[in-house]
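User: Please take a close look at the side-chain packing and pairing in this model. I would like one connected account, with the cut-offs behind each term.

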Amino acid sequence: NLGIFHVQDFEQVTDEKWMEYYETNTLSGVRLSRHFLPKMKEQAQPGKKRHGRILFISSECGLRPLPHMVPYSVSKTSQISLARALAETTKDCNGDVTVNSILPGPTMTRGVRDYMK
């Protein structure tokens, strides 16, 4: 689980901040999946009895964006789409390799408390 978010009006978010969100909230999952998924698929071949699981901790903001967290919401939507796409690539593994995402609601962290003010 890795993610960043800031409360900021859409018009105030710079290109650099957009890239930071994308790098952290989306590309980190791409990189880890690209590293581990080939070996998981290889080990899931018939007779090898190995299983692999990739689980993304996304956010309900990926389905219901918040107005002052647009980059976060967009990056989480991208992460959900990544999980769905990767799940399609594992269909030939007979359930031995799966890719999913869970979408928890707010957790009372310092960032969420700041957002609620």
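The answer below begins with the basis of the values, then takes up the core, the cysteines, a loop serine, the aromatic rings and the charged pairs.

Analyst: The model is predicted, with local features requiring pLDDT of at least 70 and side-chain atom pairs counted only at pLDDT 80 or more, while totals for chains, interfaces and linings use all residues. Residues are numbered from 1 along each chain as its sequence is written, and side-chain values use heavy atoms, without hydrogens or water.

The largest nonpolar core holds 11 residues: Leu37, Met40, Ala44, Ile54, Phe56, Leu82, Ala83, Leu86, Cys93, Val97 and Val99. Such a core is a set of buried Ala, Val, Leu, Ile, Met, Phe, Trp, Tyr and Cys residues joined through side-chain atoms within 4.5 Å. Buried means under 20% relative accessible area, exposed over 50%, and partly exposed in between (1.4 Å probe, protein chains only). Two or more residues of this core come from each of H1, strand S1 (52-57), helix H2 (70-89) and strand S2 (97-102), and H2 contributes the most, with three. Helices (H or I, at least four residues) and strands (E, at least two) are DSSP runs, numbered from the N terminus.

Cys93 is one of the core residues, and it is buried because its relative accessible area is 7%. Leaving aside neighbours within four places in sequence, Cys93 is in contact with Lys41 and Ala44, contact being heavy atoms within 4.5 Å. Cys61 is likewise buried, at 8%. The whole structure contains zero disulfides, a disulfide being a pair of cysteine sulfur atoms within 2.5 Å.

Ser59 sits in the loop between S1 and H2, and its relative accessibility of 6% is why it counts as buried. Apart from residues up to four places away in sequence, Ser59 touches Tyr72, Lys76, Ile80, Ile102, Leu103 and Pro104.

One aromatic pair is found in the whole structure. The rings of Phe10 and Trp18 have centres 6.2 Å apart and planes at 80°, so the pair is edge-to-face. Rings of Phe, Tyr and Trp (its six-membered ring) pair if their centres lie within 6.5 Å; planes under 30 degrees apart count as stacked, over 60 as edge-to-face and the rest as tilted. Phe10 is partly exposed at 44%, as is Trp18 at 25%.

Five salt bridges are found in the whole structure, each a side-chain nitrogen of Lys or Arg within 4 Å of a carboxyl oxygen of Asp or Glu. Among them, Glu20 pairs with Lys17, with the closest N and O atoms 3.0 Å apart. Both residues lie in helix H1 (residues 15-43), three residues apart, about one turn of the helix. Glu20, at 33%, is partly exposed, and Lys17, at 21%, is partly exposed as well. In another bridge, Arg64 meets Glu60, the closest N and O atoms being 4.0 Å apart; Arg64 is exposed at 58%, whereas Glu60 is partly exposed at 27%. Lys91 pairs with Glu88 at 3.1 Å between the closest N and O atoms, and Lys91 is exposed at 55%.
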